[in-house]
Amino acid sequence: MKTITGFKQKKQEVEGGRERANELNQFFNRFDTKAPIQPPVNTSSSPHPPASHPADYPTNRSAPTSPKILHSSRSSPNTTTTGPLLHHPHRENITGDSPLPSTRTSLFIKTTQVKRELLRLRPGKAPGPDGVSPRVLKGCTGQLAGVLQHIFNLSVETGRVPAIWKTSCIVPVPKNSGPSILNDFRPVALTSHCMKVLERLMLQHLRPLVRDHIDPLQFAYQPRLGVEDAIIFMLHRAYHHLEGAGSMVRIMFFDFSSAFNTIRPILLARKLSVMQMDLDIVAWITDYLTDRPQFVRLQSSLSDVADSNTGSPQGTVLSPCLFTLYTSDFRYNSGTCHLQKFADDSSIVGCITEDNYEEYSGLVQSFVRW
């Protein structure tokens, strides 16, 4: 009926001036940590502000601290890993422990791959902060594919992402009618479509490399898996256990608060290194997640630009995959107790017999500490 009548529901827009926009921008960046790290190797390039935005970028950029990583499993004791993160790890050690081999990346992007992704762009999408419309990219595929292919390979080889490509224009979307507090808004990030093309190519390269490192009980962002599979898996185990006498099932549900906004690049880099990821790829992902300029747009009002060194923008191509890898080091699955995930929604299921809560309670406490 909407197609026949041409009806299009008007989206609710958030009103406010620059002061309100700055307030929202600070709230969306509230998880950012401020602690200096070693500067990048290449300091010749300088970032530029997004198109049609008057504010300049801050000159003093910073990145997260080095908190401990807690690895938990039933078969191995908890271990912690600490050490400095080096911004360009081609010849340096990321984990701070034993040196890693200085391997070159196996990723080389071809012009045909760029053409294929450019032709898949949806022309009706809004342009990102760089002002480049996907309609232009798709219409000029023949002229731009070779140029972008060269830039993409340089970006991967040097482990650097152009500042304008990782700039986010955040458009707050109300979660419900009549929002009154900051937490009632969902931040939707508009990013460069050139960067989205590069992210899709990077994702195609990452998936086969990390397939063996993904938690088998992570049901989100996986091919041929969905929420129905997660529900069936949980119910099957619960019903099968309840057939026995004196049995009961306890389930604890967890939901991370602003999950994607809490990814720490320094921790993610260490976890990727443990997965034996190519060092160039680790450097590229780390640079992609650090020093990310972002600003909020409220109708015609723009906030000041703030740098973010924590989290991954919502709505980008790589964010789901990076979050899955970020949380894959905590997993548990035994015959009587298991942890299963659907993105940031996690649940611990305990099949309890004769009031034996030891394994279930221990897993809950370990997960909370992690």
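Predicted model: local features only at pLDDT ≥ 70, side-chain atom pairs only at ≥ 80, totals over all residues.
Ground rules. I number residues from 1 along each chain as its sequence is written, and side-chain values use heavy atoms, without hydrogens or water. Local features need pLDDT of at least 70 and side-chain atom pairs count only at pLDDT 80 or more, while totals for chains, interfaces and linings use all residues.

Aromatic pairs. I searched the whole structure and got twelve aromatic pairs (ring centres of Phe, Tyr or the six-membered ring of Trp within 6.5 Å; planes under 30 degrees apart are stacked, over 60 edge-to-face, the rest tilted). I looked up Phe256 and Phe323: edge-to-face, 6.3 Å between centres, 80 degrees between planes. Phe256 sits in the loop between β3 (247-255) and α8 (265-274) and Phe323 in helix α10 (residues 319-326), so their pair ties together parts 67 residues apart in sequence. Helices (H or I, at least four residues) and strands (E, at least two) are DSSP runs, numbered from the N terminus.

Phe323 is buried at 2% relative accessibility, whereas Phe256 is partly exposed at 31%. Buried means under 20% relative accessible area, exposed over 50%, partly exposed in between (1.4 Å probe, protein chains only).

Cluster. I found Phe256 and Phe323 again in one aromatic cluster that also includes Phe254 and Trp370.

Strands. I followed Phe254 to its bridge partner in β8, Ser346. β3 and β8 pair antiparallel over nine bridges (pairing needs at least two DSSP bridges). Strand β7 (residues 337-342) joins β8 antiparallel through six bridges. Seven of the nine residues of β8 (residues 345-353) are buried, so that strand is largely enclosed by the rest of the structure.
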